[in-house]
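Hi everyone, thanks for making time.

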Amino acid sequence: MIVTVKKNADPKLLKDLIASFEKRGLQVNDSQGSNYHILGLIGDTTLLDEKMIKANPIVDEVTRIAAPYKKANRLFHPEDTIIDINGIKIGGNEKIAVIGGPCSVEGLDQICSLAEKVKEAGAVMLRGGAYKPRTSPYAFQGLETEGILDMVEARKRTGLSIVSELMDSDQIEEFDKYVDMIQIGARNMQNFTLLKAVGKKTKKPVLLKRGLANTIEEWIMSAEYIMASGNPNVVLCERGIRTFEKYTRNTLDLSVVPIIKEKTHLPIIIDPSHATGNWKYIETMSLAAVAAGADGLIIEVHENPECAWSDGAQCLKPDKFKHLIDKARNIAHVIGRDI
Ligand code: PEP
Ligand code: MN
């Protein structure tokens, strides 16, 4: 339920109103902007009498929220949330953040050399998987801690912040110490125990990918799990969903951009690499994502895609990655943003 508070409400009456909700076991989200003041009530509001609340002299409006998500809901937080990662801001009208790097970290030299190149191309963050969710147990599973430490060294050499995928709650301490943004992969989007642990044990920004076959509402509910557990710093990432189509690895659902912005206040970035599975289509889909209003792009880049230890077919070489960013910058300018 949303209670809209009148401008210049008496502070004592406001305090009493909040206390009256809390007494009923509700959590109250007090949110104020330059031209709004709302109380978001979380918990069982079925027994609240809207008419009685509206009778309070400081209350303007009472609205019941139909959507099951509250903390992620735009109605609870009308302003865009901007996530700050070591000074790089994602969301709102900030610069569109481009994240580049390999699917998997393959060693110190590989990641450091690539980090220099993606930085030169215009990326503001480095990606690299150290714990890999592979379909086959016989496929390369990632360099694990060694890979994370290689990323840390690449950050030291380039100044690029780093993002990597966390697969198990055992890894939270390690990621909290070393990584700047924690990726929760598509396959773990509904691992609710993991989402709760990440919400509870770290405040590091979380990049939450959409599940392989999940609705937008299910995806927002997963963000809600992290937020309700104590970590409000969530960035959503569309990476394509399973459809009957075979010419692409997944189907990029770009309609999520306006929908996420309407329903939530969270930033949304696009991963055209996993969405298409084919380097040839990545530039086009990236330009479309920027035009649609995405807050960022996460793209797989490799110096030698034929030899990549995972996802080579969808990796761009650094020169193509740079070309893409330069083109995307032009599109960004058309919609009044920058990269
Ligand atoms: C990845 O980013 O390399 C990855 C495995 O992504 P997803 O979870 O979207 O498949
Ligand atoms: Mn990959």
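Let me start with a term. On a 1 Å grid over the protein atoms alone, a pocket is an open set of points where a 1.4 Å probe fits, with protein on both sides within 12 Å along at least five of seven lines, and a lining residue has an atom within 4 Å of a point. Rolling a probe the size of a water molecule over the atoms shows where empty space is left.

Some housekeeping. This is a predicted model, where local features need pLDDT of at least 70 and side-chain atom pairs count only at pLDDT 80 or more, while totals for chains, interfaces and linings use all residues. Residues are numbered from 1 along each chain as its sequence is written, chains are lettered from A and ligands numbered from 1 in the order in which they are written, and side-chain values use heavy atoms, with hydrogens and water left out.

So, the largest pocket. Its lining has 22 residues, and nearest the centre are Lys 132, Pro 133, Arg 187, His 274 and Asp 311. The volume of the largest pocket is about 290 Å³, taken as the space filled by probe spheres set on the grid points, which are joined across faces, edges and corners. Strand S9 (residues 161-165) gives the largest share of that lining, three residues. Strands are DSSP runs of E, at least two residues, and helices are runs of H or I, at least four, numbered from the N terminus. By type, the lining of the largest pocket splits into four nonpolar, nine polar and nine charged residues. Here Ala, Val, Leu, Ile, Met, Phe, Trp, Tyr, Cys and Pro count as nonpolar, Asp, Glu, Lys and Arg as charged, and the others, Gly among them, as polar.

On to disulfides, pairs of cysteine sulfur atoms within 2.5 Å. How many does the whole structure hold? The search finds zero. Take Cys 112: the nearest cysteine sulfur belongs to Cys 315, 17 Å away. Cys 112 is buried, with 5% relative accessible area.

Last, the aromatics. Rings of Phe, Tyr and Trp (its six-membered ring) pair if their centres lie within 6.5 Å; planes under 30 degrees apart are stacked, over 60 edge-to-face, the rest tilted. The count is three pairs. One of them, Tyr 131 with Phe 175, is tilted, at 5.9 Å centre to centre and 40 degrees between the planes. Tyr 131 is buried at 9%, and Phe 175 is buried at 0%. Phe 140 and Trp 309 have ring centres 5.0 Å apart and planes at 85 degrees, so they are edge-to-face. Phe 140 is partly exposed at 24%, and Trp 309 is partly exposed at 41%.

Conventions
Buried < 20%, exposed > 50% of the residue type's maximum accessible area, 1.4 Å probe, protein only.
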